[in-house]
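Please look over the model shown here. My notes follow as numbered points.

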Amino acid sequence: MSQEHRSLLMRANRLLGANLVEQNLVKIEHLEAANERLLELIAAENPRQSTVLGVLAYEMKVVKEEDILHHMVEDNGLGLIDLKSYDVSEDLRKTVDIGACWATWSVPFDKDENFYSIATAYYMSPAVRTFWEKQFDGNVIWYGTTLEVVADYLEKLEAARGPASVG
């Protein structure tokens, strides 16, 4: 992982965790333990595992990912999307920064004129929203999705591009 992507990943996870605590979705002591585990996972360089949300939801089982999605829908007005059968444009498939996608748990999946649709499991991280909105001049339509949907999509994209695609 490049230093730029590592920094983005750390910022995205730190701000997501802080927001989860602020919204009373997890306790601070759980977040602290999850952050320690996250550092181990990042050191192992397995992007699919490098997520504080994954640690909290699937290892520690202190929050359900569906509760986070529900929060994004109810409090942020996001729609939900499952990209498993979505046909992504060839342009986005060729140009998307896979390292940034892993770091932010987000995937640009459609473009209509100057608007980009992004599916994310990390909408609650201001660092993620800021990063992608800067990439696309603020013309972003956000959708919530699961960690699994993002990871499966990115692994397919990596396989289609070949081994040099991850930054």
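1. Is Ser 117 buried or exposed? Ser 117 counts as buried because its relative accessibility is 9% (buried means under 20% relative accessible area, exposed over 50%, partly exposed in between, with a 1.4 Å probe and protein chains only).

2. This is a predicted model, in which local features need pLDDT of at least 70, side-chain atom pairs count only at pLDDT 80 or more, and totals for chains, interfaces and linings use all residues. Residues are numbered from 1 along each chain as its sequence is written, and side-chain values use heavy atoms, with hydrogens and water left out.

3. Strand E3 (residues 115-120) holds Ser 117; strands (E, at least two residues) are DSSP runs numbered from the N terminus. Apart from neighbours within four places in sequence, Ser 117 has contacts with Val 107, Pro 108, Phe 109, Asp 110, Ile 141 and Tyr 143 (contact means heavy atoms within 4.5 Å).

4. Rings of Phe, Tyr and Trp (its six-membered ring) pair if their centres lie within 6.5 Å; planes under 30 degrees apart count as stacked, over 60 as edge-to-face and the rest as tilted. By this rule there are 6 aromatic pairs. One of them joins Phe 109 and Tyr 143 edge-to-face, at 5.5 Å centre to centre and 65° between the planes. Phe 109 lies in strand E2 (residues 106-112) and Tyr 143 in strand E4 (residues 140-144), 34 residues apart. Phe 109 is buried at 3% relative accessibility, whereas Tyr 143 is partly exposed at 25%.

5. Phe 131 and Trp 132 also pair edge-to-face, with 5.0 Å between centres and 85° between planes.

Key. Helix = DSSP H or I, 4+ residues; strand = E, 2+ residues; numbered from the N terminus.
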